[in-house]
Amino acid sequence: METNQNFKFFIVDDDRFCASVYEQYLRNSGYEDITYFENGESCLDELYQKPDIIFLDHNMEDLTGFEVLKKIKRYDPNIYVIMVSGQENIDTAVNALKYGAFDYLVKDAHVCDKMSETIDKILRIKEEMTQNNFKNFKRLFSFVF
């Protein structure tokens, strides 16, 4: 099973203060492989590093969060992208999910707790997928076992 130290995180936010808060929270939670980008273009240029989870700001200069999200998903649909925004607009949240975000978090006093909850969901999903893959493998090759 994948542990938290094995996750590679990208944080994409033009607000350095917010990004620093997220990064410190993740480090305090035991995560080590964290890369910060101040814009979407820089993040897209580094997708070859194969991040597992990307925390992506919605409202950025140059490329919007939606534009970056779409390009990430075209590059690798298996990257978990969590859209983070100061907007509590339901349409923005719905569009984020429609474009492939795993979750949509509002930047508020509880955003770091919500980040942890989302990471826990991803861990559970990955664990379940691993168990199901093994069960399916075992069923396919039951004559060997």
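**Exercise 1.** Find which element of the chain has the lowest mean pLDDT and which has the highest.

*Solution.* Among the elements of the chain, strand β1 (residues 8–12) has the highest mean pLDDT, 98, whereas helix α5 (residues 111–140) has the lowest, 81. Here pLDDT is the predictor's confidence in each residue, from 0 to 100, and helices (H or I, at least four residues) and strands (E, at least two) are DSSP runs, numbered from the N terminus. The chain as a whole averages 89, and 88% of the residues score at least 70.

This is a predicted model, in which local features need pLDDT of at least 70 and side-chain atom pairs count only at pLDDT 80 or more, while totals for chains, interfaces and linings use all residues. Residues are numbered from 1 along each chain as its sequence is written, and side-chain values use heavy atoms, with hydrogens and water left out.

**Exercise 2.** Determine which residues of helix α3 (residues 65–75) are buried, and on what side of α3 they lie.

*Solution.* The buried residues (under 20% relative accessible area, 1.4 Å probe, protein chains only; exposed is over 50%, partly exposed in between) of α3 are G65, F66, V68, L69, I72 and K73. They lie on the same side of α3, because they cover an arc of only 160 degrees around the axis, taken from the directions from the helix axis to the C-beta atoms.
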